[in-house]
Structure formats: C-alpha cells, structure tokens
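Hi everyone, thanks for making time this morning. I'd like to walk you through a structure and talk about where its nonpolar side chains go.

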Amino acid sequence: MGNNFKENLKELLDYEDMTIKELAFKTGISKRSIENYLGARASMPPADYACKIASVLNTSVEAMVYGSKSPVPSAEDIKILELLRQVSVADKSALLHIMESITR
C-alpha cells in the first residue's frame, strides 16, 4: 500500500472493486467528503469516518493511515481458513482445484 491515507484509500477501493459512490452509501459518509479524502488536497477524515471506511473496506484504520501489505481478513475469510485447517491434504488439493476453476 501507499505511504498515506489518500493512496491507501485509492488502493483499497481498487482492491475491493468499489466505487466512491458505493463507499459513500455503505458508510453513510457523503460522496463529496470521500472525494475530498482522495482529492489533490487530500484531507484526513475524522476518526469516526475513518473507522467506518476501514470497516467497509475490510481493513484497519492503522493500515489505512500507515499502509499495510494486505487488508485485514474478514470474519468469513477467517472462518474459511479455520475450516480449511480441518481438511485432509487430498481434500485440500481438490478444493484448490475447485477454487482455481471458479475464480478464472
């Protein structure tokens, strides 16, 4: 991720394949405010807005401010990983093949 909130927000929007309008709707933050966080003057949002944005983008405020290699896994992702640990090696191979097929 980038070195500042603006760059990190842009990258996370791309990663989540989300538009500014969608983020505004999901957070309850005005589209104009979000555009201000992404604009040339790039202001920082208040803490409560930053928390809402981070939650919708599946990351932490700290990662949005300082950068992080990847978003925080969602509860659903964590559950999938927990279940995957219980699967045999042969079944993991089959699941990998299925997942590769459906993500192409």
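Let me start with a term: by a nonpolar core I mean a set of buried Ala, Val, Leu, Ile, Met, Phe, Trp, Tyr and Cys residues joined through side-chain atoms within 4.5 Å. Please keep in mind that this is a predicted model.

So, the core. The largest one has 15 residues, and the members that touch the most others are Leu9, Leu13, Leu23, Ile34, Ile53, Leu57 and Met64. At least two residues each come from helix 1, helix 2 (20–27), helix 3 and helix 4 (47–56). Helix 1 is the biggest contributor, giving four.

Have a look at leucine 23. Beyond its neighbours within four places in sequence, leucine 23 is in contact with Leu9, Leu13, Met18, Ile34, Ile53, Val56 and Leu57.

Next, the aromatics. Searching the whole structure turns up one aromatic pair. Phenylalanine 5 and tyrosine 37 sit edge-to-face, 6.5 Å centre to centre with 90° between the planes. Phenylalanine 5 belongs to helix 1 (residues 5–15) and tyrosine 37 to helix 3 (residues 31–38), so the pair links distant parts of the chain, 32 residues apart. Both phenylalanine 5 and tyrosine 37 are buried.

Which residues make the nonpolar surface patch? Leu81, Leu84, Leu95, Ile98, Met99 and Ile102 do, and the patch covers about 550 Å². Helix 6 (75–84) and helix 7 (89–102) each give two or more residues to the patch, with helix 7 supplying the largest share, four residues.

One of the patch residues is methionine 99, which lies in helix 7. Methionine 99 counts as partly exposed because its relative accessible area is 47%, between the 20% and 50% cut-offs.

Technical notes. Residues numbered from 1 in each chain as written. Predicted model: local features only at pLDDT ≥ 70, side-chain atom pairs only at ≥ 80, totals over all residues. Heavy atoms only, no water. Phe/Tyr/Trp six-rings, centres within 6.5 Å; stacked < 30°, edge-to-face > 60°. Buried < 20%, exposed > 50% of the residue type's maximum accessible area, 1.4 Å probe, protein only. Patch = residues over 30% accessible without salt bridge, like charges linked within 9 Å, V, L, I, M, F, W, Y side chains within 5 Å. Areas by Shrake-Rupley, 256 points an atom, 1.4 Å probe, with all protein chains shown as cover. Salt bridge = Lys/Arg side-chain N within 4 Å of Asp/Glu carboxyl O. Contact = heavy atoms within 4.5 Å.
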